[in-house]
There are 2 protein chains.
Amino acid sequence: MKTIGFDSHNHDACISDALGIATDICAQQKLQFTPVRRRVLEILLHEHRAMGAYDILEVLSSEGLGSQPPVVYRALDFLVKHGLAHRIEGLNAYTACAHLDHEHVPAFLICRTCKAVAETDTGIAQGRLGQAAASAGFTIEKVVVEAEGLCPSCAGAAA
Amino acid sequence: MKTIGFDSHNHDACISDALGIATDICAQQKLQFTPVRRRVLEILLHEHRAMGAYDILEVLSSEGLGSQPPVVYRALDFLVKHGLAHRIEGLNAYTACAHLDHEHVPAFLICRTCKAVAETDTGIAQGRLGQAAASAGFTIEKVVVEAEGLCPSCAGAAA
DNA sequence: TGATAGTCGTTACATTATAACATATCAATA
DNA sequence: TATTGATATGTTATAATGTAACGACTATCA
């Protein structure tokens, strides 16, 4: 289990690595990694941060890549469906996947101040929730785990 | 850890018990358990199910208890703030708290077909997410755990 | 009684998301 | 190459969810 998000890192490399992996994934699965889709992922990667669909649309729009909501929602649907991005339910927002290289059940640490998002893994389906579901006869198809709070730098700034 | 929601039970008693406890809680904390607030909780209790704010508003409105969105959102804010109800982030919906009698970090099993909601406890903050947060220096203030899938009766109906 | 905090009713609006349909593009193949 | 079918895009319009702001009312208590 590795948490990614609040540590500093070579961000340019991080972005280009992720785009490379995403390109490979799309090629392998014969998915069309179109300009809009690529650009939306790029925008999300550029910030390690949850962004609203309309925030992204604003950027796209300023670049002539589409100016109406369906454009960005379709791209986000594509990215989320194929695991390249995640939706943050608690914020009605989206973030690039930080663990492109393997299957996972994501869990998020979300800073309520700066909206920075750290992604980590969780074995929740094998844990207590999994037990509860099993004993209730419930079939889990999807799990949302989101923790909201303060990231180290915002906690420091507040102190 | 007890899961409540998919088992059958005496629902009338369940509702009146919960309303009684809610009344006590409000009295103890000197909160005003006004007609609108009580009625919204009652509506949520009546279904063990996630309901959208506008669904609830429709019922209120048909009873002359208020016809504008702020009425229901205020009541829901009150109920959620004081732990009498929970917001289901994955559905933009609300459900009555099924564990009124003790403090807890709720986790939900949500049927994607019938929207039935079972509430259970989770020790997530002490589990892997807690570890991840601690090692990242992140301060957790609130945790959302929601599993979407099929409840026993919908799974049976589909088969 | 007056002061205060909390609640309610209402208007108007902001934000988030989708339905529906026409057009365009791509990939496989007749 | 031309055709076809699947996929993606552009656009208009609208649905669904949620809030800001203001004035009136109500409970409580000094």
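Visitor: What stands opposite Cys111(A) in strand 5 of chain A?

Guide: Strands, like helices, are DSSP runs numbered from the N terminus (H or I, at least four residues, for helices; E, at least two, for strands). Here Cys111(A) has Gly149(A) across from it in strand 5 of chain A. Bear in mind that this is a predicted model, where local features need pLDDT of at least 70, side-chain atom pairs count only at pLDDT 80 or more, and totals for chains, interfaces and linings use all residues. Residues are numbered from 1 along each chain as written, chains are lettered from A in the order in which they are written, and side-chain values use heavy atoms, leaving out hydrogens and water.

Visitor: In which sense do strand 3 and strand 5 of chain A pair?

Guide: Two strands count as paired if DSSP finds at least two bridges between them. Strand 3 and strand 5 of chain A run parallel, with five bridges.

Visitor: And what does strand 5 of chain A pair with in chain B?

Guide: With strand 5 of chain B (residues 139-150), in the antiparallel sense, over 11 bridges. Glu148(A) has Lys142(B) as its bridge partner there, and Lys142(A) has Glu148(B).

Visitor: How many residues does each chain bring to the contact?

Guide: Contact means heavy atoms within 4.5 Å. Chain A brings 36 residues and chain B brings 36 residues. For buried area, take the accessible area (1.4 Å probe) that two parts lose on being put together, summed over both. Between chain A and chain B that is about 3,000 Å², with 61% from carbon and sulfur atoms.

Visitor: How many salt bridges are there between chain A and chain B?

Guide: A salt bridge is a side-chain nitrogen of Lys or Arg within 4 Å of a carboxyl oxygen of Asp or Glu. Two link chain A and chain B, while the count over all chains is 12. One of them joins Arg112(B) to Glu141(A), the closest N and O atoms being 2.6 Å apart. This pair crosses from the loop between strand 3 (106-111) and strand 4 (117-121) of chain B to strand 5 of chain A.

Visitor: Which elements of chain A supply at least two residues each to the side that touches chain B?

Guide: Strand 3 (106-111), helix 5 (128-136) and strand 5 (139-150) do. Strand 5 gives the most, with 12 residues.
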